[in-house]
2 protein chains.
Amino acid sequence: MAMGKDIFNEFKEHSISEFFKKNRQMLGYSSTVRSLVTVVHEYVSNSIDATEEAGILPDITIKLEKISENRYTVEVSDNGPGIPKNIVGRALGMILAGTKFHRNVQQRGQQGIGAAGCTLFALTTTGKPIHVISSMDSGRAFSCDISIDTLHNKPIMGNFVELEEVKRGLTVKGEFGDVKYDTGEHSIFEYLRRTALSNPHVQITFIDPNNKEVIFPRSIDKIPEKPRTAKLHPLGLTISDLIETAHSSKNSKLSNFLMENFARFSQGKINELKGMLDVDFDKKPSGLTWEDAEKIIKAFKEIKWIAPESAHIMPIGEEQIKTALKNIMNPDFMYVVERKPKVFRGGFPFIVEAAIAFGGSAGKKSEEGYSGNVLRFANKVPLLFDTGNCAITDAVKEIQWKRYNIDMEKQPVSLFVNVSSVHIPYSGVGKESISKEAEIIEEIKLALMDAARGLQHFIYKKQKLSLFAGRYKTIMRYTNQLSKDLSQLSGKDKEIIQKMLEKIVEEHYPRNNKEDVVEDGAENNLEDKE
Amino acid sequence: MAMGKDIFNEFKEHSISEFFKKNRQMLGYSSTVRSLVTVVHEYVSNSIDATEEAGILPDITIKLEKISENRYTVEVSDNGPGIPKNIVGRALGMILAGTKFHRNVQQRGQQGIGAAGCTLFALTTTGKPIHVISSMDSGRAFSCDISIDTLHNKPIMGNFVELEEVKRGLTVKGEFGDVKYDTGEHSIFEYLRRTALSNPHVQITFIDPNNKEVIFPRSIDKIPEKPRTAKLHPLGLTISDLIETAHSSKNSKLSNFLMENFARFSQGKINELKGMLDVDFDKKPSGLTWEDAEKIIKAFKEIKWIAPESAHIMPIGEEQIKTALKNIMNPDFMYVVERKPKVFRGGFPFIVEAAIAFGGSAGKKSEEGYSGNVLRFANKVPLLFDTGNCAITDAVKEIQWKRYNIDMEKQPVSLFVNVSSVHIPYSGVGKESISKEAEIIEEIKLALMDAARGLQHFIYKKQKLSLFAGRYKTIMRYTNQLSKDLSQLSGKDKEIIQKMLEKIVEEHYPRNNKEDVVEDGAENNLEDKE
């Protein structure tokens, strides 16, 4: 039984780099096809974040080259602000480091894992570092190679060269093994097409391994508003959040600390808390005890709060979605819904946008005909994988589409759902699906059901019109003979009778001359093909 | 455009504890019900690992108490080797530390995340530390409280007390908020029932929040063989694995280093490599360059290797699965398949076991009747969540069950699948699903299809017998009248004629007196209810 002791000699700490090196599938590096999409996804997300943050209209080029079977280079260039040299190593060569984790700002990246994960993936599959060219507005530019010391999760930098006359922006280029380029539903092309759909202000150029260039042109020239830092809402705080923030605070009074650091906090709220709790709100926040923090968090749940502010949440926008859908799918019909901000887990605000597109290049086309598809997005980033694990998938499944006369198996329908939040609760580190929080599923359902009613209305009118048009034609065929007969019987002029008959028919079956076009000016959310 | 620079002032490193505190759903702490199951799952897995490793038959008690709405305590006690006090802090209060990550041994835990994740979850939902009582065979025992300094991912220990006369083993007790106790398909009861199913050597006692005690008794008294450390197979190595192991090696020659550290390496293989490569195998491994490592890894893929050794993989075992299924489901029929070891991603061996149980308490029973269910396991640990994301689910879906006369919608069928490996490629950090590696899916399908043929055979025979039994009865009804008539016509004795007739009928429709029992001695994998 000395066993136990022997084993404990093996007790060791290990780095997060080692962990993900051994479990790369958790970062999205599972199949060969998916791995290559993951690399593009990480670099493109970072490029859009960086350019937007700097107030620049993003212009991004993705270039793939085939080196050999299962080995490719990926090069992504942007016109963003670049990365300073004192930071670039950690930004690309250290897992859990970055500008995004601490700031409480809505961005595509959140974790400081993605780009360093690419470096780790290149290292483990080809042994090669990532090559970077960074050029800042200051005119200073450099190139270097970045790899990771995985035992210590520290960047390894090499081949540093100062450069001149390089266009502003960042270029990252890596060589990756265990990957495969594919076209199809889960391809880089589809990923970029969907990125263009949810980011109409971004210009994307894609050069595929056959050197074929595809451009997804910018369809809107407006830079989205810069993301703003959000204060945490009291209802989203845990006891340990409160303790940690308090203990690192320089405020002299607990009351001031609360009012300055959290949303919706006023002197009135402090007074309310004082009336409820036996806690000294004048003491230093650095001395806040577990007991007091627990009391305060408990009291938070008992008093009334204004909902978390959602001004820092940046959805895509109704007009932007319409423009992008028109641009990319040119559907016969579309209906866009933007829901009001809601809250999950008590204190985290989020906004759901949903759209349904019908006809055009909406849906999926195969040999057996059309079927519906679901385009999932989180903070404007397309989610292509882990479909089964996602709140959006659950919401779609829970809706009885047949009730809306929508047949997801046979109709050219695309459902578009984007969830925006400062803190998207991803199911996994690879950020390919949204955790099944009840509040989020509910919001997505409401948005989709609203859009479904829009489509139902359109389909109903289309069917009715096509029925009318059929009847109109049939009856018109008889008016000629009937007016002849009536003219003989009544002695009145045949032409006059025929015109009267035609008028009656047209009153009953209107719009006969616009058979294929639906008009609906009253409901301005209904958009039709021009 | 000073933007870029401002932002980079925000560049920070953050700890893995902070990361998971913010993303607890990635560890399995998403819904209230699932969170409570996750806590039990982590502690029970660790207890079974520790006892098995020490060669002890595991005896585990799980006790839940309700503190208030959405707040429970969980206490798990085992009869294992305990944890020494110099290690217990890091074992339960530091993420990415443990005995399992580096050892290349098949265990339930792999990552050094689970138990520390529970501490983090307690801390963030109730602010309370975990209470531990550890008693080792030496007689020394202590209790203490453990929490985490999340900013630095370091343990915080307190209330240390030396104890006397405590039974050997480890007890961990924590108080958790944002949780809910539930009975049903995804409950703690179901988790423990399935744990008993895949671990017939473990005795489990469960005391639920209503103080009701359920015991899952041990059905096999044999301790599974101790897991053995596996050497990595050359085909499972990445360039960076090779470089890192080489650079930390004390061998004086690259050739010896390779032979000592990796599986299936002989002098013959070294000679083969020497013939292929312009690499000096006499030089120090610590001086191995990227270029040489890359050449070596490339050559590995080109030469023939004996398959990875699988002696260190510990499946449950056919007899154990049968005993457990009989014990827990008492099915009318079961068929167990153990596949030979196979390899995924080139070098990682794994073994699939599958079983089908039919009748008894197999399947799911609801108001609408029976339906089939799937019991997923990885290294004997039940997987209750993330069903959509799992290789086992994909394999089940890809099989055309109707071809085997099996109706998963309407029959009382349980599919049982256990994947064993030193390195299970989990899809997520929460370890609730197996990544969809093509080789693993294929093996699961083959195992299930084999089992399905067994069940098909049973169902066919059962149907045939029931047909025979019906015909037998019908025809027997006529023998009396017929023998009377024949006796009159022929003048022979009626009794003799009747016996002859009955003999003929019985020859045509045998086993008439064993209507409900199927015998099949020839196929010893077929097991029937006695």
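Modeller: Axes are lines fitted to C-alpha atoms, for helices over the stretch in contact, and angles run from 0 to 180 degrees between N-to-C directions. The model is predicted: local features need pLDDT of at least 70, side-chain atom pairs count only at pLDDT 80 or more, and totals for chains, interfaces and linings use all residues. Residues are numbered from 1 along each chain as its sequence is written, while chains are lettered from A and ligands numbered from 1 in the order in which they are written.

Colleague: Why are H3(B) and H6(B) called roughly parallel to each other?

Modeller: Helix H3 (residues 32-53) and helix H6 (residues 188-198) of chain B pack at an angle of about 30°, their axes being 9 Å apart. Angles under 35 degrees count as roughly parallel, over 145 as roughly antiparallel, 65 to 115 as roughly perpendicular and the rest as oblique. H3(B) and H6(B) are therefore roughly parallel.

Colleague: Which residues make the contact of H3(B) with H6(B)?

Modeller: H3(B) contributes Leu36(B), Val37(B), Val40(B), His41(B) and Val44(B), and H6(B) contributes Ile188(B), Tyr191(B) and Thr195(B). Contact requires C-beta atoms, placed from the backbone, within 7 Å. By class, the contact has six nonpolar, two polar and no charged residues; Ala, Val, Leu, Ile, Met, Phe, Trp, Tyr, Cys and Pro count as nonpolar, Asp, Glu, Lys and Arg as charged, and the others, Gly among them, as polar.

Colleague: What makes H7(A) oblique to H10(A)?

Modeller: In chain A, the axes of helix H7 (residues 239-247) and helix H10 (residues 290-302) come within 9 Å and cross at roughly 125°. By the ranges already given, that makes H7(A) oblique to H10(A). Ile239(A), Leu242(A) and Ile243(A) of H7(A) meet Trp290(A), Ala293(A), Glu294(A), Ile296(A) and Ile297(A) of H10(A). These residues divide into seven nonpolar, no polar and one charged.

Colleague: Why does Leu151(A) count as partly exposed?

Modeller: A residue is buried if 20 or more other C-beta atoms, placed from the backbone, lie within 10 Å of its own, exposed if 12 or fewer, and partly exposed in between. Leu151(A) has 14 C-beta neighbours inside 10 Å, and so it counts as partly exposed. Leu151(A) lies in the loop between strand S6 (141-149) and strand S7 (154-163) of chain A. Beyond its neighbours within four places in sequence, Leu151(A) is in contact with Ser15(A), Glu18(A) and Glu244(B).

Colleague: How do you know that the buried residues of H7(B) line one face of the helix?

Modeller: In helix H7 (residues 239-247) of chain B, the residues Ile239(B), Ser240(B), Leu242(B), Ile243(B) and Ala246(B) are buried. Seen down the axis of H7(B), they fall within an arc of 160°, so they line one face; the arc is that of the directions from the helix axis to the C-beta atoms. They pack against helix H5 (114-126) of chain A, and against helix H8 (254-261) and helix H10 (290-302) of chain B.

Colleague: How many residues of chain B are in contact with chain A?

Modeller: 58 residues of chain B are in contact with 58 residues of chain A. The largest share of the chain B side, four residues, comes from H1(B). By class, that side has 25 nonpolar, 23 polar and ten charged residues.

Colleague: How many helices and strands are in chain A?

Modeller: Chain A has 14 helices and 19 strands; helices (H or I, at least four residues) and strands (E, at least two) are DSSP runs, numbered from the N terminus. Of the 530 residues in chain A, 48% are buried.

Definitions and conventions: Two residues are in contact if their C-beta atoms, placed from the backbone, lie within 7 Å.
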